[in-house]
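Open the model in your viewer and keep the sequence panel beside it. The stops below say what to select and what is there.

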Amino acid sequence: MAPRAAARLELLGFTDVMHYPGGKLDWIAAGLPSEGDNAGHPRAGTVALTDVPVCAIDDRVGDVSKRLGVAVVVDRDGVVLGLLREKELAGDPAARVEDVMLLGPSTFRPYVPIKEIARYMTEHELESSPITTSDGKLVGVLFRADAMRAE
Amino acid sequence: MAAPIDRDRLREMLTRGAQLVEVLPAEEYREDHLPGAISIPLTELDRNRVAVLDSSRPVIVYCWDSA
């Protein structure tokens with residue numbers, strides 16, 4: 001959208017036009033201050049736990065850490081493929097992760113205000129949700145209990 | 001063609017008087033915007049709306065990300 005706006009401005013006679021591809025996402029993710037109704041409210045990226053167990057599709061369930069009761073299945077680039085919740089982690093230790101993982105878990109972007117997510121997680125009975133960048137890479141996991149506390 | 005700039009360059013440009021414009025819908029601007037940015041949604045980017053800008057100074061536009 002920004003490159004199109006920049007092109008439009010140039011057509012309107014502006015000669016020194018730049019665009020910031022990182023946009024609000026990059027700015028907020030860097031922890032810089034913003035203005036507006038959401039300013040000062042906690043967001044998904046700051047409340048999420050970033051040190052979370054991850055595993056690959058080829059792993060065996062028995063080899064995945066159960067320390068948080070959730071593990072995120074990622075590819076080699078860190079893109080989220082699925083989720084292992086308590087019930088999957090408690091299943092057959094010999095099962096391949098790919099065969100038991102929850103496909104397409106609900107994810108949120110780091111900039112989304114916690115109050116919006118807390119409501120969604122409660123309505124959909126989600127105990128945890130991966131937080132991902134716009135290209136699907138894992139940032140961390142947000143737990144509903146933490147979201148409710150931070151709201 | 002307009003040049004892309006990174007966050008550091010953006011901050012430097014702002015200290016030198018560049019004008020910052022968010023081109024997302026006004027509702028998204030109300031929720032969050034960069035400090036000092038003004039709102040001109042892409043769908044409203046016409047001669048009247050840009051009259052608030054100084055064409056002799058740099059203008060930097062942004063949205064959520066590179067999309």
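**Stop 1: a helix in chain A**

Select Ala5(A), which sits in helix 1 (residues 2-11) of chain A. Helices (H or I, at least four residues) and strands (E, at least two) are DSSP runs, numbered from the N terminus. The model is predicted: local features need pLDDT of at least 70 and side-chain atom pairs count only at pLDDT 80 or more, while totals for chains, interfaces and linings use all residues. Residues are numbered from 1 along each chain as its sequence is written, and chains are lettered from A and ligands numbered from 1 in the order in which they are written.

Is Ala5(A) buried or exposed? Ala5(A) counts as buried because it has 24 C-beta neighbours inside 10 Å. The cut-offs are 20 or more other C-beta atoms within 10 Å for buried, 12 or fewer for exposed, and partly exposed in between, with C-beta atoms placed from the backbone.

Next, show what touches Ala5(A). Beyond its neighbours within four places in sequence, Ala5(A) is in contact with Val23(B), Leu42(B), Leu45(B) and Val61(B). Contact means that the C-beta atoms of two residues, placed from the backbone, lie within 7 Å.

**Stop 2**

Now select the strands of the open sheet, 5 in number, in the order 1(B)-1(A)-4(B)-2(B)-3(B), with parallel pairing. Its edge strands are strand 1 (3-4) and strand 3 (38-39) of chain B, each pairing on one side only. Two strands pair if DSSP finds at least two bridges between them.

Zoom in on strand 1 (residues 17-19) of chain A, which is joined by 3 bridges to strand 4 (residues 59-62) of chain B. Here Val17(A) has Val59(B) as its bridge partner. Strand 1 of chain A also pairs with strand 1 of chain B, over 2 bridges in the parallel sense. In that pairing, Met18(A) is bridged to Ala3(B).

**Stop 3: where the chains touch**

Colour the 30 residues of chain B that are in contact with 34 residues of chain A. Strand 4 of chain B gives the largest share of this side of chain B, 4 residues.

**Stop 4: helix 6 of chain A**

Finish at helix 6 (residues 114-123) of chain A, and select its buried residues: Ile114(A), Ile117(A), Ala118(A) and Met121(A). These pack against helix 3 (44-47), strand 6 (128-132), strand 7 (138-143) and helix 7 (144-150) of chain A. After helix 6 of chain A comes Glu125(A), with a positive phi near 50°.
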